[in-house]
Amino acid sequence: MQKSISRLLALLGLLMAFSLIAASCGNDDDSSADAPSNTATPSATADSGADAEATPIVLAQNGGTLQTVLDRGNVRCGSRDDVPGFALLNDAGEYEGFDIDMCRAVAAAIFGDADEVEIVPVTSAERFTALASGQFEVMNRNTTWTATRDGDEGANFLFTTYYDGQGIMVPASTGFTTLNDLEDANICVSTGTTTELNLTAVFQARQIPFNPVTFEGFDTLVPAYEEGQCEAMTADSSVLGVFKYEIEQDGGDDQHIMTELISKEPLGTVVRDGDTEWAQVVNWATMATVQAWEFGLDSSNIGSYSGTDPNILNFIGAGQDGDGFNPGLGLPDDFAVHVVEQVGNYEEIFNRYPQLGVLEGSVNDLWSNGGLMYVPPYR
Amino acid sequence: MTDTMPPSETALQNNPSRLPPDMRVSPSTWMRKNLFNNWYNALISVVAGVVGALLVFYFGRFVLVTGEWEAVRKNLTLLMTGVYPRNEQWRLVAQMYIIASALGLTWGTVTAQSLDRAEDTGVEKHRPTPIDLLRRYWAVLFMLAVILVLTQTIWPTLFTLSTIAVGLTVRSGAMRLPRSARQPCWYAAAFMAIVSFQVVSGTNGNAWWWTAALAAFIAMQSTANLETTVAWHRTALRIGSIAAAVVVVRIAYWLIGDTSSVSWDDWSGLYLTLVASGAAIILSFPLALLLALGRRSSLPVVRWLCVTYIEIFRGVPFIVLLFIAKIFIDFFLGADTPLSLTTRTIVVFTIFSSAYLAEVVRGGLQAVPKGQIEAGQAAGMQPPAIMRLIVLPQALRAVIPAMVGQFISLYKDSTLFAFISVVDFYRARELIHSQQEFTTTAIFETLVFAAFIYWAISYTMSKESQRLERHLGVGER
């Protein structure tokens, strides 16, 4: 017995020695693999461990996101898979929707190929942590720009791609038209979103008692609402429009969306804090869709533009004397051509998804038509 | 003396009073005895019978007549393979053929080995008839039939049938091989399984020589016991087979394509559910065995480590572990870790279930009386041999029901993958109802379909465990 114990101890010692060797080898591998690809070395991040504890966001953010993306050969975009019109995994196993197209625009701008994008679906609750941990570089996941998210969550909100507002839908048969009608009502809401916070804030401010019934996603919320588990459901009005249409199409009760909106919901593109170069790339790639619309360029005519408008010549990267134009954003000269040819201009993208509603005359129309879509000049 | 002599056959037949009484009862007698033996039992039987018949009728009518299975039919590929790229699906088909061959090879070898044993010992071997197999696997075969009924083209049916044909052909081929081929067959089956997963996950990041080295090793092992008349023939044959293995792998890699069109993270739908839970079941068992032995070890460090492991991972909810795996690993290892989400999910799944399984195994170890160990010691056996030959066989046999229960619950725990946005079978079912046309319709239909698939596989697992128990004589010895 004594002998076997001492033998086992010797074996353990040997194992520990092996693991020490393995550990030191592992470290060597790390530093040699990362050093050439990135400006910040792992040892630098390790040294700043004390700072990292205070602001863990910085740890994943080495700067140089654009270079990382270029090295990898695709851009990862956080989105979702369950909202028709915005982002949906369809029956062909592909992602489609307005937000997905905005992701594709970024890939088209950087690589000249809109397919070089990997969609990473995330839930509402985990999206900012996932963004901070570096699971994706861009996020288009109908996310509302708020001060707290911009500040505490370590997110950097860029161009607003869709101006939305939170509304309330009730079956038309109830005859409810104002918030005061909803006293003591059960209201279906999806959890972990600003929707839930807004609902509570507005009803408390007006001292209307109500019962929130929370769901993880619309795939469970809508059937519950249809079955009458709640007297009302609340969501961004764009989303409500989708479900109103669907419920009525399926022969359900007529639905009424209250005219009163209870919040402002600017939905846009989000990147991590701390890398302005990357933020510029994503921002201008997204805004190119609106700029093309304003110029009257779309996927069919941007490639064959033969006019002489100096602004357009700059925009398509030809330059005024044919010597090219690059404002130094880190994108190719002709990135806008790739974006618009492969994904479309803002109007084309919007109208591809009837669930989003009518663009003309809405708040999402071009500024020259009285809407809010206004981008800085490309020169 | 004559009284204790066993009576002869003829004596038995001539004296019917010594035969056991005929215990078979006619259905009407049975019913009178068990269902209608007094007035309140008769009432209960009638009410229960009517309710049962109504339930069967309504459910049957729903399934066969009123149910709208269009949602399942249209999204069958989504349910089965999820986001796996549609133009790369030949990889899945190829994998199924390879796996079928590997299973056929394994099955054939196992059968051949037991026939070998029967031949050596002279004990007659009971060979399962097709009816036996049907009785064993009817649930899975029924599930396959239902899935195939819901397909829109003839190809999946042809493909499934040909897969089965390939498996059976390889099996009968393997049974005809000489005895010296048994071990190489095992190696080959394992190698085929590994290669099949390289086919579906693409070969990116996977150097071809890694697989080639494995193939060469197997070729070397397989030819170790070759018997030839001339000595150098053997060496030449071994070198030749090693070279052939390397060349075959290189060609296979060229065929698979060294592209990044698919990756582990494309696995989804029922495919992912089966692969992830299968991998977790296979990997967690040896881990659990080590943990259970470690927890009973007399070495304090080993014991403490095992206790810590078990108590930590049993004390944390699975979903928390999943979130840690998905999000927080990136904070520690950087965003571009080569660990794919699928890998992490399987690793977490294995860690979690091995902690539970270790306790099950430990229960079995404690059930073995100390006298068994002492008997081994008295016979002069070394502790590892006692463990391997005396304790473990008894301990594991005693806990088969509990272990299979753990495996079944593990299999169904895979539905929690949805929380970290992994599209498993159940998440794919949920996503159907995000599509415009099915947002509010056919919800019950897809639920019934999902429940059926989970049931068919769990039931087969439980059935197999019962067979294993009977085979090992649990509860009899």
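1. Starting with chain A: residues 24 or more positions apart make up 72% of its contacts with a separation of 6 or more, where a contact means two C-beta atoms, placed from the backbone, within 7 Å. Bear in mind that this is a predicted model, in which local features need pLDDT of at least 70 and side-chain atom pairs count only at pLDDT 80 or more, while totals for chains, interfaces and linings use all residues. Residues are numbered from 1 along each chain as its sequence is written, with chains lettered from A and ligands numbered from 1 in the order in which they are written.

2. Overall make-up. Chain A has 15 helices and 13 strands; these are DSSP runs numbered from the N terminus, helices being H or I with at least four residues and strands E with at least two. Of its 379 residues, 43% count as buried. Buried here means 20 or more other C-beta atoms within 10 Å of a residue's own, exposed means 12 or fewer, and partly exposed is in between, with the C-beta atoms placed from the backbone.

3. The open sheet. Five strands of chain A line up in the order E10-E9-E11-E8-E12, with mixed pairing. Two strands pair if DSSP finds at least two bridges between them. At the edges sit E10(A) (211–215) and E12(A) (255–257), each pairing on one side only. From one strand to the next, the twist averages 30°; axes are lines fitted to C-alpha atoms, for helices over the stretch in contact, and angles run from 0 to 180 degrees between N-to-C directions.

4. Strand E11(A) is worth a click. 5 of the 5 residues of E11(A) are buried, so this strand is largely enclosed by the rest of the structure. E8(A) (residues 166–171) and E11(A) (residues 232–236) run antiparallel and are joined by 4 bridges. In that pairing, Gly167(A) has Ala235(A) as its bridge partner, and Ile168(A) stands opposite Thr234(A). E9(A) also joins E11(A), through 2 bridges, and these two run parallel; there, Cys188(A) stands opposite Met233(A).

5. Helices on that sheet. H9(A) (residues 194–205) packs on the sheet, touching E8, E9 (186–190), E10 and E11 of chain A, and its direction makes about 150° with that of E9(A). H11(A) (residues 237–249) lies across E8, E11 and E12 of chain A, running at about 165° to E12(A).

6. Now strand E6(A) (residues 138–144). Since 7 of its 7 residues are buried, E6(A) is largely enclosed by the rest of the structure. Both faces are covered: Val138(A), Asn140(A), Asn142(A) and Thr144(A) are buried on one side, and Met139(A), Arg141(A) and Thr143(A) on the other. E1(A) (residues 75–79) runs parallel to E6(A), with 2 bridges between them, and Cys77(A) stands opposite Val138(A). E13(A) (residues 265–272) runs antiparallel to E6(A), with 3 bridges; Thr143(A) has Gly268(A) as its bridge partner there.

7. Leaving out residues up to four places away in sequence, Tyr378(A) touches Gln291(A), Asn311(A), Asn314(A) and Phe315(A). Its C-alpha atom is separated by 9.1 Å from that of Trp284(A), 94 residues apart along the chain.

8. The A–B interface. Here 27 residues of chain B are in contact with 34 residues of chain A. On the chain B side, H5(B) (76–81), H14(B) (318–333) and H19(B) (425–432) each supply at least two residues, and the largest share, 3 residues, comes from H14(B). By class, the side of chain B that touches chain A has 11 nonpolar, 11 polar and 5 charged residues. Ala, Val, Leu, Ile, Met, Phe, Trp, Tyr, Cys and Pro count as nonpolar, Asp, Glu, Lys and Arg as charged, and the others, Gly among them, as polar.

9. A closer look at H14(B). Its 16 residues reach 21 Å from first C-alpha to last, close to the 22 Å expected at 1.5 Å a residue, the expected span being 1.5 Å times one less than the number of residues. H14(B) bends by about 40° at Ala325(B); the bend is the angle between axes fitted to the seven residues ending at a residue and the seven starting there. Ala325(B) is also one of the buried residues of H14(B), along with Leu321(B), Leu322(B), Lys326(B) and Asp330(B).
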